[in-house]
Amino acid sequence: MAIFIQISSMLKAVIGLLLMMGSANYASSQTAVDSVKLTIGNLFSAMRETNARGVLNCFTDSAVMQTIVRDAKGETMVKNEKLSEFAMIVGSMPKGAADERITFDMVKVDGALATAWTPYKFYFNGQFSHCGVNSFQLVRINGLWKIQYIIDTRRKQGCE
């Protein structure tokens, strides 16, 4: 009986150690993903708060913003947007006017590089405007995630 109790105690200790190691690995991988999500979340919070400086703080100095649109002929094209102009527009809106509601479909991290795929619905002054997907590329600089690149799609149908 004493041997069984010792084996049982050792087995519990080994299982506990394995669970702690697994939890530590999970927590460290979660931390990077959570901090990427936080940076992206900060962007949309700054938009709702009409905080132009907050918007700019989410991006690197050399960030690229693009959107996929259709021209007058219905042809698909990529439109470049200037981050400074975007921030200025956000800063000039009434609080709560720009409300982009995202979900995180996928976030991947490898060292200082992260990518996120976030379907969204955009509301302006409380009214549905359009939906689509954002594709983010982020870089960890001095321990902070910054958005380097964002491209999105925009449509009015198929937004369920």
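Student: Which elements supply at least two residues of the lining of the largest pocket?

Tutor: Keep in mind that this is a predicted model. A lining is best read by asking where its residues come from. Here H1, E1, H3, strand E3 (98-102), E5, E6 and E7 each supply at least two residues. The largest share, four residues, comes from H3.

Student: How much space lies in that pocket, and which residues are closest to its centre?

Tutor: The largest pocket holds about 450 Å³ of space. It is lined by 22 residues, and Met47, Glu81, Phe86, Phe122 and Arg154 are the closest to its centre.

Student: And how do the residues of the lining divide into nonpolar, polar and charged?

Tutor: Sort the lining by residue type: you get 13 nonpolar, three polar and six charged residues.

Student: Let's move on to the core. How many residues does the largest nonpolar core have, and which have the most contacts inside it?

Tutor: To read a core, look for buried nonpolar side chains joined to one another. The largest one in this chain has 29 residues, and Leu43, Met47, Val55, Phe59, Phe136, Leu138 and Ile147 have the most contacts inside it. Two or more residues each come from helix H1 (2-48), strand E1 (59-70), helix H3 (83-92), strand E5 (113-124), strand E6 (127-141) and strand E7 (144-153). H1 gives the most, with seven residues.

Student: Take Phe59. Which residues is Phe59 in contact with, leaving aside its neighbours within four places in sequence?

Tutor: With those neighbours set aside, Phe59 is in contact with Leu43, Met65, Leu83, Lys146, Ile147 and Ile150.

Student: Which cysteines form a disulfide?

Tutor: Start with the sulfur atoms. The structure holds one disulfide: Cys131 and Cys159 form it, with their sulfur atoms 2.0 Å apart. The pair links distant parts of the chain, 28 residues apart, with Cys131 in strand E6 and Cys159 in the segment after E7. The torsion about the S-S bond is -75 degrees, a left-handed link. Cys131 and Cys159 are both buried.

Student: Last one: what does the secondary structure of the chain come to?

Tutor: Count the elements, then read their order. There are three helices and seven strands, in the pattern α-α-β-β-α-β-β-β-β-β along the sequence. As for contacts with a separation of 6 or more, 52% are between residues 24 or more positions apart.

Technical notes:
Residues numbered from 1 in each chain as written. Predicted model: local features only at pLDDT ≥ 70, side-chain atom pairs only at ≥ 80, totals over all residues. Heavy atoms only, no water. Core = buried A, V, L, I, M, F, W, Y, C linked by side-chain atoms within 4.5 Å. Buried < 20%, exposed > 50% of the residue type's maximum accessible area, 1.4 Å probe, protein only. Contact = heavy atoms within 4.5 Å. 1 Å grid on protein atoms, 1.4 Å probe; cavity = no way out; pocket = protein on both sides within 12 Å on 5 of 7 lines; lining within 4 Å. Points joined across faces, edges and corners; volume = space filled by probe spheres on them. Nonpolar A, V, L, I, M, F, W, Y, C, P; charged D, E, K, R; others polar. Disulfide = S-S within 2.5 Å.
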